[in-house]
Amino acid sequence: MSQSRQLAAIMFTDIVGYTALMGKDEQKAFDLLNKSRQIQKPIIDEFNGVWIKELGDGVMASFKTVSDAVNAAMKIQQTCNANKEFQLRIGIHQGEVVIEENDMFGDAVNIASRLQSIASPGSIFVSEVVHHNVSNKNDINTEFVRTENLKNVKDPVKIYRIKFDGSPPAPHRPLKSIKRKNFAFMFLAVIVTTIVGYFIFQGSKKTNVTATNNEAIDRSIAVLPFENRSNDKDQEYFSDGLSEELINMLTKIPELKVIGRTSSFAFKGKNEDLRTIGQKLDVAHLLEGSVQKDGNKIRVTATLIRASDGKGLWNDSYDRDLSNIFKLQDEIAQTVVQQLRLKLLQFPTTNVAGSGNVDAYNLVLQGNYFYDKLDKENVAKAVDFYSQALAIDSTNARAWGKLANAISRQAWQNYIDQNRGYEKARHAALKAISLDNTLAVGYLELADIKLYHDFDWKGAEEIYQKALSLEPQNAEIIVGNGSLNEAIGSWKEAAKFYKQAIDLDPLKPIYYLGMGNNQTAVGQFNEAILSFKKALEIDPRFQRAHLYQGINYLLLGKTELALKEIQQENNELFRTFGLALAYHALGRKQEADERLKEFTENYQNNWSYLLAQLYAFRGEKDQAFAWLETAYNKKDSWLFWVKGDPLLRNLKTDPRYNEFLKKMNLKPD
């Protein structure tokens with residue numbers, strides 16, 4: 001493979017806002033791309049340039065002289081600016097390049113690319129070398145902009161802009177190097193500032209001090225998953241992660257109704273009309289965007305949309321280097337709050353993101369990506385990624401909180417031993433809180449452990465309230481309060497919390513399971529069936545929804561319907577459990593006994609409470625109480641359902657039942 005070296009002036013061009021437009025109107029984006037080519041190609045040829053290649057919506061070209069490169073850039077910009085359909089960013093640098101198979105490499109290429117990425121829309125940024133070469137040309141004027149530390153460039157680079165007719169003014173404020181900035185959270189904070197500022201402006205136009213229903217709806221938003229525009233599709237975790245971080249930031253703002261991640265991400269990869277999405281999520285505003293990541297270079301675009309008509313209210317794009325990020329998150333967030341003069345919680349002054357190690361951050365995002373799949377294998381992968389992140393950055397409070405969440409999931413589902421799992425999760429949650437007591441995730445996981453493992457109802461309530469005070473719009477915390485109230489028999493309060501959680505995350509099926517089980521506990525069997533059907537509408541394979549629907553048919557005396565429903569249960573464990581119930585109700589004793597034996601042999605070590613339910617439903621009280629005791633001694637998480645569980649109704653006239661409730665610190669029925 002032959003190589004050669006030569007001196008060349010390298011020019012990079014890029015269409016401003018193209019990625020956002022592609023996500024919004026693909027055909028229009030392609031039309032603009034073609035117009036850009038039609039403008040640039042003849043001009044590059046006119047000034048003896050060589051069209052090297054296209055990079056997405058950008059172009060790389062080389063010229064023999066700096067004057068030719070600058071003159072070509074000026075004519076391109078003047079033509080585009082006069083066209084008024086789109087703007088370009090252009091960067092130019094001169095240096096030695098390596099030529100290999102009609103492509104060019106080297107520092108000159110890298111520097112020109114970096115200059116283009118930081119250029120103002122409609123402008124041309126050049127290096128000091130280019131400035132010196134053209135400063136004596138009467139028809140070319142330059143103006144110093146700033147000195148910048150560019151990624152993978154040893155020495156700081158003095159940056160100039162080319163002044164030409166119609167060129168935009170120089171930036172008033174120099175941008176510090178991204179190496180000293182937390183880009184990801186700066187980006188999020190900018191978006192938060194824009195969104196909240198927009199809502200405040202809208203609110204200031206209202207003359208009625210009393211909030212109306214319309215005003216409440218106006219202050220609502222869903223963050224749709226940012227599209228991964230990277231060539232490497234494995235970078236999807238990164239675009240998802242930025243979307244999730246933005247949701248996390250917005251949930252801290254009491255004035256906003258923020259739709260939860262599950263419902264927002266339900267539209268991922270679907271070409272659904274934005275107005276329809278707004279109606280389904282019951283929000284007035286949508287935020288969408290894209291992420292293009294190539295090594296340490298990243299482009300993020302964002303568009304705020306009015307859901308009622310799909311009109312874009314604001315959009316912007318950011319081209320940055322991803323390096324040494326996350327160090328200024330707290331300071332930036334606090335500044336945003338002060339500028340907006342909102343009645344927000346005090347943002348943390350501790351180091352939320354630890355040392356700001358970008359590798360640790362990427363590992364956390366990958367962990368989040370796998371955790372969301374919730375099955376045994378992928379949750380284990382998530383635990384591994386979080387552990388890797390903490391091996392790099394042990395001060396990362398968010399990673400500790402995420403680790404606690406993942407291990408709690410493993411314990412709850414009996415993927416691992418419950419006692420050891422919950423103790424590991426407790427350690428991780430306490431570590432997260434010790435590192436940053438303003439993050440809700442640590443408190444949420446600690447409260448879950450108090451609820452599902454310690455059966456410490458008062459302790460769980462106090463910690464849930466603390467978490468809720470930090471993130472009042474967090475549906476996970478709200479549903480935790482619902483589960484707690486269900487456990488202690490405050491079913492009306494539980495229903496309120498479940499409804500609130502569903503309002504915030506209407507496409508999360510597990511919330512309908514919570515609502516349905518609460519309805520079952522108070523005898524609203526038909527209503528419960530509708531809740532479970534809703535869960536299955538959202539996810540036809542969602543675990544336990546068919547089982548619980550079948551149990552409610554059993555409680556209604558519709559045994560054939562119950563059997564048919566339970567036979568559709570996707571999870572083998574729960575299907576075996578349900579069939580043992582259904583066959584008993586149908587009087588098919590041999591089949592009921594066979595399923596009970598099968599369940600006992602396969603699952604007795606981890607599912608003591610379910611065995612207590614089976615024996616109680618069969619009226620075999622001694623065995624039922626024996627398995628309740630086993631469940632209690634093992635701290636079986638599923639005991640939180642014991643109060644009001646209709647499958648235990650055959651036990652309620654037995655004195656041992658209220659004695660057991662007393663041991664669980666629950667009031668007698």
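I started with charges over rings: Lys-41 lies over the face of Trp-51, 5.0 Å from the ring centre. My criterion was NZ of Lys or CZ of Arg within 6 Å of the ring centre and within 35 degrees of the ring normal. I also found the charged end of Arg-261 over the ring of Phe-265, at 3.9 Å from its centre.

Notes on the model. This is a predicted model, where local features need pLDDT of at least 70 and side-chain atom pairs count only at pLDDT 80 or more, while totals for chains, interfaces and linings use all residues. Residues are numbered from 1 along each chain as its sequence is written, and side-chain values use heavy atoms, with hydrogens and water left out.

Aromatic pairs next. I found 19 of them in the structure. Rings of Phe, Tyr and Trp (its six-membered ring) pair if their centres lie within 6.5 Å; planes under 30 degrees apart are stacked, over 60 edge-to-face, the rest tilted.

I looked up Phe-370 and Phe-385. Their ring centres are 5.5 Å apart and their planes at 5°, so I logged the pair as stacked. The pair links distant parts of the chain: Phe-370 is in helix α12 (residues 358–371) and Phe-385 in helix α13 (residues 376–392), 15 residues apart. Helices here are DSSP runs (H or I, at least four residues), numbered from the N terminus. Both Phe-370 and Phe-385 are buried, meaning under 20% relative accessible area with a 1.4 Å probe, protein chains only.

Then I took Tyr-452 and Phe-640. Their centres lie 5.0 Å apart with planes at 90°, so this pair is edge-to-face. Tyr-452 sits in helix α16 (residues 440–454), and Phe-640 in the loop between α27 (621–634) and α28 (655–663), 188 residues apart. Tyr-452 and Phe-640 are buried.

Last, cavities. My search of the whole structure gave 7 of 30 Å³ or more. A cavity is a set of points on a 1 Å grid over the protein atoms alone where a 1.4 Å probe fits but cannot get out; lining residues have an atom within 4 Å of a point. Volume is the space filled by probe spheres set on the points, which are joined across faces, edges and corners.

The largest cavity holds about 270 Å³. I listed 20 lining residues, with Asn-517, Tyr-548, Gln-613, Trp-641 and Asp-645 nearest its centre. Helix α22 gives the largest share of this lining, 4 residues.

Methods
Helices (H or I, at least four residues) and strands (E, at least two) are DSSP runs, numbered from the N terminus. Buried means under 20% relative accessible area, exposed over 50%, partly exposed in between (1.4 Å probe, protein chains only). On a 1 Å grid over the protein atoms alone, a cavity is a set of points where a 1.4 Å probe fits but cannot get out, and a pocket is an open set with protein on both sides within 12 Å along at least five of seven lines; lining residues have an atom within 4 Å of a point.
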